[in-house]
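Here is a short report on how the parts of a protein model meet. Look at the structure first, then read on.

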Amino acid sequence: MNLLVCCKIVPDLDRLSLGDWVIEGQGRIDTDYVRNMINPFDESALEMALRLSDGPGLTALTIGGRMADPFLKTLLALRFERAVRIETPADRRFCPDWIAALIAAFVARSPQDVLILGRQSGEGDNAKTPLLVAELLKRPCITEVLRIEAAAECLRVTSQVDAGLLVQAVRPPLVLSVGNAAGTALRVPTLKQRMLSGKQRIEVIDADSFGLEAVRASAGQDYVLDGMTLVSHRRAGRIVAGADARATARTLYAECLKQRLEAL
Amino acid sequence: MKYTVVMNGCTGSPCAQALELNGFLRQPAFQGGAGTTVLFHDGAFAALLPLVATEAVILVQVTRYQPEQVLDILEELAPRLADLYLFFDDPSGRELSVRLGHRLGGTALTGVRALSPAAQGLRCTKAVYGSHVEAAFLLRRKPCCLALAKGCADPLPVTGTPRILMTLDRRAEPPAWVEQAETTPGPAPAGLEDATFILAIGMGAQTPDRAARLAALADALGAELGASRPVVMNAWVPMHRLVGVSGAMTRPALCIVAGASGSAAFMAGIQKSRFILALNTDDQAPILKCCDAGAVGDCLAILEELVQLFKHGGA
């Protein structure tokens, strides 16, 4: 079974201090200096794929610049058979239609039975890409996936639904969109695994080679960013200090909590 | 403005979201407009009708919620529906909005907090950058399929009974790619959205054992336990206790935040708290600037002392 996991390398936004958030021209926020990471939902998707297969048939795909390469090398060390980067310098934050079109075009070139994607990423927060990929490929989609297990001739997929858990035995081809799946942190490769995979190359494909500029231009016309405002959660932030935990607790209780607890 | 609400009544009662939607419809953009709800149900629709916030409803009975089937039905009904579709911020609402928008050749947006008509289309706002930023988008291509953000409006009880425009029976066999399907009820809701007192814990809990002790302290204080995303992803606390944009959007009178740094996505879930008390060992943690009062120190040690004071009336 060919499994494709799509992952996005994103800035770790929690590393930015409150003062670092500055909106520049054209709605851009400079996060270039922030440490990057694999989008957490995609990290779950990658780990789920590794639990399904120990390498053969596993492809990891990302779209973006060279800064993604160290992460793809890690995935090769973890025994992904292929690590592919679709090269584009373009701003990808609010272009899920174009991203989905690129993924669908890649699948047309390199057929896949199952696609696993995180449900959204933290920059654009679009929450659209897996769903659009399913529509473009005309494949069934299961959202909010929590667990994927191999079963005879099919997959057993557990997903969160509005009032519980849905467990389905399903036959590929499929698109799976991963939700809040606890206990799915991506494993870390050993030094030996890194050395063994050292000569494996990342495949780089030029986004223009797919001939999808029209899709990108169209998305830019119909769905336009029209301004940004910083969200502030600031409050008074009065710090209460005490000599130790007991003294701090006494002050907090007397000055902040007693009346409020009594009023509940 | 005419609009269509799509409600999935097959997988539980979407009560909280329906009341928020009713609050959302009080926006000026909808005044004087007419709405129709397409209500998907598996037979038990009577209990769902009081949640319908529009004056008219189309009832569609299906065997179970199956997104591909529901999308086919919505495509079929589209010529007679208004070209502004509103969906709830739940798994089915987010999925249907995006996929229907694509199928109808329109535009979809999830997590919508507000909307207003604009000269060239519809202007919608939503949180981006992990809830650090609110962005406005101009949607120029109809139909517009919007999934509303949780907490987009104050809940408002629904009054009146909708007029039933049409009743459809679309019960069907499951699609061929599904060999077997079974739904099990999730844990009982934690009730965080309605809680008046919440103790929300973060990675400052440090270990599963300490997280369990904090949970016990929440119980002793009479607070509902909430948790940040890293805590539930580590399975220290069950997922249904997640607070933030992908969990509960709360509005308690009192919220104690223990050991959470205060990421924007988490803060969005507690921003409507009347009073926030934060405990953190890091004096540079953002939460200490986003609380009403805070203390620097080990959250477990301070909370253990607070529980003793609570038990003995401050003595």
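Begin with two strands. Strand 12 (residues 223-230) of chain A pairs with strand 7 (residues 133-139) of chain B in the antiparallel sense, over six bridges. Strands pair if DSSP finds at least two bridges between them. Strands (E, at least two residues) and helices (H or I, at least four) are DSSP runs, numbered from the N terminus. Within this pairing, A:Val224 stands opposite B:Leu138 in strand 7 of chain B.

The model is predicted: local features need pLDDT of at least 70, side-chain atom pairs count only at pLDDT 80 or more, and totals for chains, interfaces and linings use all residues. Residues are numbered from 1 along each chain as its sequence is written, chains are lettered from A and ligands numbered from 1 in the order in which they are written, and side-chain values use heavy atoms, with hydrogens and water left out.

**Chain A against chain B**

Contact means heavy atoms within 4.5 Å. By that rule, 81 residues of chain A touch 90 residues of chain B. In chain A, A:Glu135, A:His233 and A:Arg235 lose the most area to chain B, together 11% of what that side buries. A:Glu135 also forms a salt bridge with B:Arg103, through their side chains (2.8 Å, N to O). Helix 7 (residues 245-263) of chain A gives the most to the side of chain A that touches chain B: twelve residues. That side divides into 43 nonpolar, 18 polar and 20 charged residues. Here Ala, Val, Leu, Ile, Met, Phe, Trp, Tyr, Cys and Pro count as nonpolar, Asp, Glu, Lys and Arg as charged, and the others, Gly among them, as polar.

The domain assignment, automatic or from a database, gives chain B domain 1 (2-169) and domain 2 (192-314). The contact takes ten residues from domain 1 of chain B and nine residues from domain 2 of chain B. The side chains of B:Arg251 and B:Asp154 meet in a salt bridge (2.9 Å, N to O).

**The two interfaces**

Buried area is the accessible area (1.4 Å probe) that two parts lose on being put together, summed over both. A salt bridge puts a side-chain nitrogen of Lys or Arg within 4 Å of a carboxyl oxygen of Asp or Glu.

| Interface | Buried area | Carbon and sulfur share | Salt bridges |
|---|---|---|---|
| Chain A and chain B | about 7200 Å² | 59% | eight salt bridges |
| Domain 1 of chain B and domain 2 of chain B | about 670 Å² | 44% | one salt bridge |
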